Amino acid sequence: MSERFPCWYPLQIRFRDLDPLAHVNNAVYFTYFEEARSYYLSLLERWLKEWPGEEAIQERQSAENPRIQTGPRATRYGLLVKEVSCTYELPLIRSDRAEVGVRVSHVGRTSFIMEHQIRDAHNHERVFATGRSVMVWCDYQTGRPHPLPPALRHAFEQMEGRSFPTPE
């Protein structure tokens, strides 16, 4: 099961992550997923840089949507989290050495699904939690979904070693 994850992110379980029962608080798992997602996306840079075409170049303009503040970068398009879920299997404790696996399991027209698995870094059969994130490529100006850039789809295909055909 774990072999299907092309990316593993090592966890640093901090004292502040623990609850009064001395195991990782349930809400912290979502932070672990977020850190691993960010790491996965950073690994895509090598394919995004080599992709030719204007779709890789982002429009820059001032944010006109009061619900999405893009700050000084003012990129028009980017990712938003639509949904995140977690299934807890075993409690994580401070002394555990764990890692988060990340993979893209589905790429649609404007969104994609990422799967996560938190496992023991040494005993890979020992799974602490699994999760799923739905990410949407969004036009920050309108706050609406926008078609995924071909460069991003290409990068997913390179990372995952399989194709994600563009839906009709």
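**Group meeting talk: strands, core and helices**

Let's start with strand β3. Eight of the ten residues of β3 are buried, so this strand is largely enclosed by the rest of the structure. Buried means under 20% relative accessible area, exposed means over 50%, and partly exposed is in between, using a 1.4 Å probe and protein chains only. Strands (E, at least two residues) and helices (H or I, at least four) are DSSP runs, numbered from the N terminus.

A word on the source. This is a predicted model, where local features need pLDDT of at least 70, side-chain atom pairs count only at pLDDT 80 or more, and totals for chains, interfaces and linings use all residues. Residues are numbered from 1 along each chain as its sequence is written, and side-chain values use heavy atoms, with hydrogens and water left out.

Now the overall layout. The chain has three helices and six strands. From the N terminus on, the order is β-α-α-β-β-β-β-β-α. The chain has 168 residues, and buried ones make up 42% of them. Take contacts, meaning heavy atoms within 4.5 Å. Among contacts between residues at least 6 apart in sequence, 67% join residues at least 24 apart.

Back to β3 and its partners. Two strands pair if DSSP finds at least two bridges between them. β3 pairs with β1 in the antiparallel sense, over four bridges. There, Cys 7 has Val 102 of β3 as its bridge partner. β3 also runs antiparallel to β4, and nine bridges join them. β3 and β4 form a hairpin, with three residues between them.

Next, the core. A nonpolar core is a set of buried Ala, Val, Leu, Ile, Met, Phe, Trp, Tyr and Cys residues joined through side-chain atoms within 4.5 Å. The largest one here has 33 residues. Those with the most contacts inside it are Tyr 32, Tyr 40, Leu 92, Phe 112, Ile 118 and Phe 156. Which element supplies the largest share of this core? That is α1, with six residues.

So look at α1. The helix has 16 residues and reaches 23 Å from its first C-alpha to its last. That is close to the expected 22 Å, where the expected span is 1.5 Å times one less than the number of residues. Its buried residues are Val 28, Tyr 29, Tyr 32, Phe 33, Ala 36, Arg 37 and Tyr 40. The buried residues of α1 pack against β1, β2, β3, β4, β5 and α3.

Now two single residues. His 116 lies in strand β4. Is His 116 buried or exposed? At 2% relative accessibility, His 116 counts as buried. Its side chain makes a polar contact with the side chain of Ser 133, at 2.7 Å. A polar contact is a pair of N or O atoms within 3.5 Å; within protein, one must be able to donate a hydrogen and the other to accept it, and residues adjacent in sequence count only if both atoms are side-chain atoms.

Arg 46 sits in helix α2. With 53% relative accessibility, Arg 46 counts as exposed.

Last, the cysteines. Cys 138 is buried at 2% relative accessibility, and Cys 86 is buried at 16%.
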